[in-house]
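Open the model in your viewer and keep the selection tool at hand. This tour goes from the whole fold to single residues.

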Amino acid sequence: MYLLYLDESGNASNPNDHFVVLGGVLVFERQTHWLAEKLDALAAKIDPEGFSSLEFHASTIFSAKEEPWNKFKDDVSARQRVISDVLRVLAHADETTHAFACAVEKASYPGSNFIEFAFEELCSRFDIHLIRKFKEANDPQRGLIILDKCAHERSLQKFARLLKIGGSKKGSVIHNLAEVPVFVDSRASRLLQLADHVAHSVFRAYECSDMKYLNLIINRFGYEDGKLHYLIHKTRRTDCMCPACMSRRIS
């Protein structure tokens, strides 16, 4: 089974945020332990005694307002290194592990439910990934989506059921999900913490033109034949020069 861990970055109701991102990491079930172990080792370097309860949450690390990150309050580079080190765990992961993200430009889709919009895009790409596995390697895998507990839990579970019968506005039909999305407290899941960092890296790239985090993992978005399969920028602009739009234009 393949597991797609997702988290959001950006606030749909905040007019100061121009983007909403849903992003995360696609992991084959046998790789979850390895990735969690790597993140535990990173946490142990920061807090040897309390590493198991230390949560890697990118915006919290970045703000340095909470323990243990407040001890780096005056050291921006140290905080940036932590976020980069978390992303490097993904960058050096097994080849079956991919980053997934959809950045929705709010001004292009006024009145939309941005999270559902992004969720449908990622579900569709997840389904395509599983179909490709079957066609290319005769590997009939199912998928499960795991998200951080949030206010969208009920609506996304309902929306996932609609996707199974083609009931969304786009009419997408998802065939290979084993169950409706599962919602987990991110404090209990290293993989959700990694998903948070992927979403944060994409949000920083689009919202702030800050590419330093996204560049660490850009090749993990299913990069093939010059095209990024699993990095999606939803915009009505036709002149966008971001990696996702450029790769599609060139290919």
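The model is predicted, so local features need pLDDT of at least 70 and side-chain atom pairs count only at pLDDT 80 or more, while totals for chains, interfaces and linings use all residues. Residues are numbered from 1 along each chain as its sequence is written, and side-chain values use heavy atoms, with hydrogens and water left out.

**Stop 1: the whole protein**

Show the cartoon. The protein has eight helices and eight strands. These are DSSP runs numbered from the N terminus: helices are H or I with at least four residues, strands are E with at least two. Along its principal axes, the C-alpha trace spans about 50 × 40 × 40 Å. The radius of gyration is 18 Å, which agrees with the value near 18 Å for a compact globule of 251 residues. That radius is taken over C-alpha atoms, and the globule rule is 2.2 Å times the number of residues to the power 0.38.

Now colour by accessibility. Buried residues make up 53% of the 251. Buried means under 20% relative accessible area, exposed over 50%, and partly exposed in between (1.4 Å probe, protein chains only). Among contacts with a separation of 6 or more, 69% come from residues 24 or more positions apart.

**Stop 2: two packed helices**

Select α3 (residues 76-91) and α6 (residues 190-208); they pack at an angle of about 110°, with axes 10 Å apart. Axes are lines fitted to C-alpha atoms, for helices over the stretch in contact, and angles run from 0 to 180 degrees between N-to-C directions. The two helices, α3 and α6, are therefore roughly perpendicular. The cut-offs are under 35 degrees for roughly parallel, over 145 for roughly antiparallel, 65 to 115 for roughly perpendicular, and oblique for the rest.

Which residues of α3 and α6 meet? Show I83, V86, L87 and L90 in α3, then L194, H197, V198, H200 and S201 in α6. By class, this contact has six nonpolar, three polar and no charged residues. Ala, Val, Leu, Ile, Met, Phe, Trp, Tyr, Cys and Pro count as nonpolar, Asp, Glu, Lys and Arg as charged, and the others, Gly among them, as polar.

**Stop 3: H197**

Stay in α6 and pick H197. Is H197 buried or exposed? H197 is buried, at 0% relative accessible area. Not counting residues up to four places away in sequence, H197 touches F56, H57, A58, I61, I83, V86 and L87. A polar atom of the H197 side chain lies 3.0 Å from the backbone oxygen of Q193.

**Stop 4: Q193**

Move to Q193, also in α6. Q193 is buried, with a relative accessible area of 2%. The Q193 side chain makes a polar contact with the side chain of R190 (2.8 Å). A polar contact is a pair of N or O atoms within 3.5 Å; within protein, one must be able to donate a hydrogen and the other to accept it, and residues adjacent in sequence count only if both atoms are side-chain atoms.

**Stop 5: loop residues**

Go to the loop between α2 (58-63) and α3, where P68 is found. The E67 to P68 peptide bond is cis, with omega near -5°. A64 is found in the loop between α2 and α3. Its phi is near 60°, a positive value in a residue other than glycine.

Notes:
Contact = heavy atoms within 4.5 Å.
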